[in-house]
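Here are my notes on the model, as numbered points. Please read them with the coordinates open.

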Amino acid sequence: MLTVYLGLSLLFLILCFLSLRFPAGSPHEHRARRFMAIFLGVQSAWYLAFYATLATSGENRLYPTLQDGLGFLSYTLTVPMFHAFANRATPSYNWWIMAGTLILAVPVTVAVPSYIDKLHIGNLATIAIMAVNIKAIGTYMRVTNNVAASILWYLVLLFASLLCLRSLALFVDPGVAVWNESFLSFLLPLMSLSVTILILASVGLTAQQSLIRLALRDQLTGLRNRHALMEDYQSFISRLSRSGNAFALLVCDIDHFKLVNDKYTHEAGDKVLKAFAQRLNRVLREEDIAARVGGEEFVLLVSDASPQILARICERLLEEVRSMAFPDISPDLVITTSIGAVLVDDENIKFESAFRAADEQLYAVKAGGRDAFALSRSQIENSQG
């Protein structure tokens, strides 16, 4: 068993150094990776303390005390870590619970002479820290929505339930305290190892999901890019084949956008593009899609569309764009948009055909003076022929 603990300590130390080598993206992710590295380092020290406790047969009380303190410290670090990975700030009451837990777990436990009382206080502190972890993992699970996070949540809930049963058994019959040694020497390391494996798996899946999201997003506006739009179009076609409800494809761009870049610089143009993307998201429903496919060209997919629904959406978008103001660029800067739209009611219509038909409507609007929309369905049928 001593060799196992020494090997686990070395393994966690290696994982600590490896976690520091992975690049982090956002400030939240950078903070989360830092917490994870500290957690793995503390876990390494915790296994080393286990090794020292067993090697000295528990005669030196420093090692068991150090072991308890490191164990509690490692699982207080996971709380802000999970919140950071979920891109959330750790609630202030969590810090108070964790501080109280550490005070209970180490100074109070050491000061209490009775072994049974030590166990009761230690159990209370452990249950408190597990409860906070369960809530933090729940937040992380809802944001990431990956299977490793879900398994981790249920596993920690299982360990918390076992700990509650252990505490109840100690209250009913203090004679079962001998089981405590088995719990400490087997269940706690097993919990630590399994939780850590799931943390690493979940973080890996989250990083993979982040990379996929980045690959499908326009870096400036945060909207879907052309590649993602092609996949979204196929999803809308599949939905059309199942429900029979038509959807719409809209092509819109910012009128005279080149003049904005030329007159106010490209930095000002980027601000206009970001603001325009925000107005698109404000107008569209949750099930609709907005994508940036070119410099100032955007494509929208509107589900369950009809000419009446499209007219309302287009009118509202035109009004939203007209109302945009840029006092930091120029009080005189007025932005408008032109929109070409087509209804897609046949699952055999390809993206290129729908896009071309909408683009033709867009050019018709531009030829007619801009700051308006046009809708046609027949042009898709003509372009198919």
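**Notes on rings, helix packing and loops**

1. The cut-off for buried is under 20% relative accessible area. Keep in mind throughout that this is a predicted model.

2. Now the overall picture. The protein chain has 13 helices and 5 strands. Of its 385 residues, 48% are buried. The chain exposes about 19,100 Å², and carbon and sulfur atoms supply 62% of that area.

3. Phenylalanine 85 sits in helix α3 (residues 62–85) and tyrosine 140 in helix α5 (residues 115–144), so the pair ties together parts that are 55 residues apart in sequence. Tyrosine 140 has a relative accessible area of 1% and is buried.

4. A second pair is worth a look. Phenylalanine 236 and phenylalanine 247 have ring centres 5.4 Å apart and planes at 70 degrees, so the pair is edge-to-face. Planes over 60 degrees apart fall in that class. Phenylalanine 236 belongs to helix α8, while phenylalanine 247 belongs to strand β1 (residues 247–254), 11 residues apart.

5. Which residues do ring pairs link into a cluster? They are Tyr233, Phe236, Phe247, Phe351 and Phe355. Some of these names return in the next point.

6. Consider α8 against α12. Helix α8 (residues 226–243) packs on helix α12 (residues 351–367) at an angle of about 110 degrees. Their axes are 11 Å apart. Angles of 65 to 115 degrees count as roughly perpendicular, and α8 and α12 are therefore described that way. From α8, the contact uses Arg226, Leu229, Met230 and Tyr233. From α12, it uses Phe351, Glu352, Ala354 and Phe355. By class, that contact has 6 nonpolar residues, 2 charged and no polar. Tyr233, Phe351 and Phe355 belong to this contact and also to the ring cluster.

7. Compare α3 against α4. The axes of α3 and helix α4 (residues 92–111) come within 9 Å and cross at roughly 175 degrees. That makes the two helices, α3 and α4, roughly antiparallel. On the α3 side, the contact residues are Thr65, Gly69, Phe72, Leu73, Thr76, Val79, Pro80 and His83. On the α4 side, they are Asn94, Trp95, Met98, Thr101, Leu102, Ala105, Val106 and Val110. The contact of α3 with α4 divides into 10 nonpolar, 6 polar and no charged residues.

8. Valine 108 lies in helix α4. Its relative accessible area is 29%, so valine 108 is partly exposed. Leaving aside neighbours within four places in sequence, valine 108 is in contact with Ile103 and Ile121. The C-alpha atoms of valine 108 and lysine 118 are separated by 8.4 Å, and these residues are 10 apart along the chain.

9. Next, the loop between β3 (297–302) and α11 (307–322). Serine 303 is placed in this loop. With 2% relative accessibility, serine 303 counts as buried. Not counting residues up to four places away in sequence, serine 303 touches Phe236, Arg239, Ala246, Phe247, Arg285, Glu287 and Asp288. Phe236 and Phe247 are the edge-to-face pair of point 4. Aspartate 304 is found in the loop between β3 and α11 too. This aspartate 304 is partly exposed, at 40% relative accessible area.

10. Finally, backbone checks. Most residues other than glycine have a negative phi. Aspartate 304 has a positive phi, near 45 degrees. Arginine 370 also has a positive phi, about 70 degrees, although it is not a glycine. Arginine 370 lies in the loop between α12 and β5 (373–376). Its relative accessible area is 27%, so arginine 370 is partly exposed.

Methods: Residues numbered from 1 in each chain as written. Predicted model: local features only at pLDDT ≥ 70, side-chain atom pairs only at ≥ 80, totals over all residues. Heavy atoms only, no water. Axes fitted to C-alpha atoms, helices over the stretch in contact; angles between N-to-C directions. Helix = DSSP H or I, 4+ residues; strand = E, 2+ residues; numbered from the N terminus. Parallel < 35°, antiparallel > 145°, perpendicular 65-115°, else oblique. Contact = heavy atoms within 4.5 Å. Nonpolar A, V, L, I, M, F, W, Y, C, P; charged D, E, K, R; others polar. Buried < 20%, exposed > 50% of the residue type's maximum accessible area, 1.4 Å probe, protein only. Areas by Shrake-Rupley, 256 points an atom, 1.4 Å probe, with all protein chains shown as cover. Phe/Tyr/Trp six-rings, centres within 6.5 Å; stacked < 30°, edge-to-face > 60°.
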